[in-house]
Amino acid sequence: MRFRDRREAGERLALRLRPLRGDRAVVLGLSEGGLVVAAAIADVLGAPLDILLTARIEAAGPPPVLLGAVGEGGLVVWDHGAIRRFDISADELTRLADRARGGLARQVAVYRRDVAPVPIAGRTVVLADDGAATGTTAHTAIRVLRARQVRRIVLAVPVAQAPVLDRLAREVDQFVCLRPLPWLHAVRNSYRKFPAIADTDALELLHREPRLPTEVPL
């Protein structure tokens, strides 16, 4: 089974997430493509929509080694186990963190120019993406959300590699995946239409007026 596009995938996920109506949930897209999925979920739940801006702190590979993440507002989350395992010096950590902050600042300049972040502390957050092949981005985002003291994290992805999903499921309070696969080479292969999402398209979604809860066909 392949999804028609990200919008259809989000609507299918939303059917599983309808019990969250009235829970003051916030729906966050984990990427530009994830924002399209998140928008469909937010429409059905009548929930606020936002994008989660993070930047990974990585040491050069191959493959690159995830050492932590930087979130909006200067929040830094470190993976101290990875830092010890790869014996990364304090000077190198500072350099890598500064590089990540630079990348995040560029995202913030685009997305926060006139769209303030939705408050999430103490709330249920639905973290949505268009798929999870490696889980690295989702793992980073989950750690940032925990540090920002959200009440619950619900991970929602249309498709994921099953071992990756098993690992991520242990990090969140609830997860919904429509199509777990034993092997996932590329997320795009699960969609008939998988266009690149321009910043302008993502910003148009963020600028929409909040919608009342809607239904989608079963």
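Student: Which residues does Thr 124 touch, not counting residues up to four places away in sequence?

Tutor: This is a predicted model, so the contacts are those of computed coordinates. Contact here means heavy atoms within 4.5 Å. With sequence neighbours up to four places away left out, Thr 124 touches Leu 20, Asp 23, Arg 24, Ala 25, Val 26, Arg 151, Arg 152 and Val 154.

Student: Is Thr 124 buried or exposed?

Tutor: Thr 124 lies in strand β6, which covers residues 124-128. The cut-off for a buried residue is under 20% relative accessible area. Because the relative accessible area of Thr 124 is 0%, this residue counts as buried.

Student: Which side chain does a polar contact of 2.9 Å join to that of Thr 124?

Tutor: A polar contact requires a pair of N or O atoms within 3.5 Å. The side chain of Thr 124 has such a contact with the side chain of Asp 23, at 3.0 Å. The contact of 2.9 Å joins the side chain of Thr 124 to that of Arg 151.

Student: What is the radius of gyration of the protein, and why is the protein described as being as compact as a globular protein of that length?

Tutor: The secondary structure of the protein comes to seven helices and eight strands. For 218 residues the globule rule gives 17 Å, and the protein comes close to that value, so it is as compact as a globular protein of that length; its radius of gyration is 17 Å.

Note on methods. Residues are numbered from 1 along each chain as its sequence is written. This is a predicted model: local features need pLDDT of at least 70, side-chain atom pairs count only at pLDDT 80 or more; totals for chains, interfaces and linings use all residues. Side-chain values use heavy atoms; hydrogens and water are left out. Helices (H or I, at least four residues) and strands (E, at least two) are DSSP runs, numbered from the N terminus. The radius of gyration is taken over C-alpha atoms; the globule rule is 2.2 Å times the number of residues to the power 0.38. Buried means under 20% relative accessible area, exposed over 50%, partly exposed in between (1.4 Å probe, protein chains only). A polar contact is a pair of N or O atoms within 3.5 Å; within protein, one must be able to donate a hydrogen and the other to accept it, and residues adjacent in sequence count only if both atoms are side-chain atoms.
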